[in-house]
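Here's a quick briefing to read with the model open beside you.

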Amino acid sequence: YSAVTGGYFNRASGSYSAVTGGSNNIASSHVCNGVEEGASSVTGGYNNEASGTYSAVSGGLMNKASARSSAVSGGNDNTASGIGSAVNGGHMNAANILFSAVNGGGYNEAIGPGSAVNGGTSNIASGFYSVVTGGVRNEATDENSVVP
């Protein structure tokens with residue numbers, strides 16, 4: 001039960017996976033404990049991949065959502081690889097641990113569980129539930145720390 005609607009060179013290969021438009025996009029599934037898990041989707045854009053269960057990429061260029069319930073909303077070269085992680089646009093951002101998020105900007109990383117970077121450039125949130133609210137080259141390393 002997978003579907004591709006429109007676009008060029010798109011592939012939906014997982015259970016309940018879908019690609020709508022764009023080109024060179026992939027929505028796939030994987031096998032976990034002998035059970036195929038899918039329901040990933042890519043909506044437009046170019047060279048995007050959603051491979052985690054319930055993962056989604058909404059447009060953009062070369063974005064990847066590879067963990068369960070992860071999402072990337074546009075931008076380019078962004079990666080959401082933590083369970084429940086999200087990247088909301090920007091350029092070369094990564095949310096790669098449990099419930100982490102990057103909200104735009106460029107070259108930002110949310111690598112602490114529940115951490116967030118809200119824009120800016122080259123910022124890192126690595127502490128548990130840490131937050132960087134923007135700026136340039138800031139780092140929140142302690143638990144519950146906030147760098148304004």
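S28 sits in the loop that runs between β4 (26-27) and β5 (30-32). Keep in mind that this is a predicted model. Is S28 buried or exposed? With a relative accessible area of 11%, S28 is buried, because anything under 20% gets that label.

**Around S28**
- Setting aside residues up to four places away in sequence, S28 touches S13, G14, S17, S40, E49, A50 and S51.
- One of those contacts, S40, turns up again with Y54: the C-alpha atoms of Y54 and S40 are separated by 4.9 Å, though the two residues are 14 apart along the chain.

- Y54 is in the loop between β8 and β9 (56-58), and its relative accessible area of 52% makes Y54 exposed.
- Not counting residues up to four places away in sequence, Y54 touches G38, A39, S40, R68, S69 and S70.
- R68 belongs to the loop between β10 and β11 (71-72) and is partly exposed, at a relative accessible area of 35%.
- What does R68 contact beyond its neighbours within four places in sequence? The list is E37, G52, T53, Y54, G82, I83 and G84.
- For a sense of spacing, the C-alpha atoms of R68 and A80 are separated by 9.8 Å, with the two residues 12 apart along the chain.

**The nonpolar core**
- The largest nonpolar core has 18 residues.
- Which of them touch the most other members? Those are V42, V57, V72, V87, V102 and V132.
- As background, nonpolar side chains tend to be buried together in soluble globular proteins.
- Take V132 for a closer look: leaving out residues up to four places away in sequence, V132 touches A116, V117, N118, N123, I124, A125, N138, E139, A140 and V147.

- Y46, L61 and M62 make a nonpolar surface patch of about 250 Å².
- Y46 is found in the loop between β7 (41-43) and β8 (49-50), and is partly exposed with a relative accessible area of 38%.
- M62 lies in the loop between β9 and β10 (64-65); its 39% relative accessibility also counts as partly exposed.

- Most residues other than glycine have a negative phi.
- Where is F99? Look in the loop between β14 (94-95) and β15 (101-102), where F99 counts as exposed at 53% relative accessibility.

**Aromatic pairs**
- How many aromatic pairs does the structure hold? There are 2.
- Y1 and Y16 form a stacked aromatic pair, 5.3 Å centre to centre with 20 degrees between the planes.
- Y1 lies in the segment before β1 (3-5) and Y16 in the loop between β2 (11-12) and β3 (18-20), so this pair ties together parts that are 15 residues apart in sequence.
- Y1 is exposed, with a relative accessible area of 77%, and Y16 is exposed as well, at 57%.

Notes
Residues are numbered from 1 along each chain as its sequence is written. This is a predicted model: local features need pLDDT of at least 70, side-chain atom pairs count only at pLDDT 80 or more; totals for chains, interfaces and linings use all residues. Side-chain values use heavy atoms; hydrogens and water are left out. A nonpolar core is a set of buried Ala, Val, Leu, Ile, Met, Phe, Trp, Tyr and Cys residues joined through side-chain atoms within 4.5 Å. Buried means under 20% relative accessible area, exposed over 50%, partly exposed in between (1.4 Å probe, protein chains only). Contact means heavy atoms within 4.5 Å. Patches are made of residues with over 30% relative accessible area and no salt bridge: like charges are joined within 9 Å, nonpolar side chains (Val, Leu, Ile, Met, Phe, Trp, Tyr) within 5 Å. Accessible areas come from the Shrake-Rupley method with a 1.4 Å probe; for residues, only the protein chains shown count as cover. A salt bridge is a side-chain nitrogen of Lys or Arg within 4 Å of a carboxyl oxygen of Asp or Glu. Helices (H or I, at least four residues) and strands (E, at least two) are DSSP runs, numbered from the N terminus. Rings of Phe, Tyr and Trp (its six-membered ring) pair if their centres lie within 6.5 Å; planes under 30 degrees apart count as stacked, over 60 as edge-to-face and the rest as tilted.
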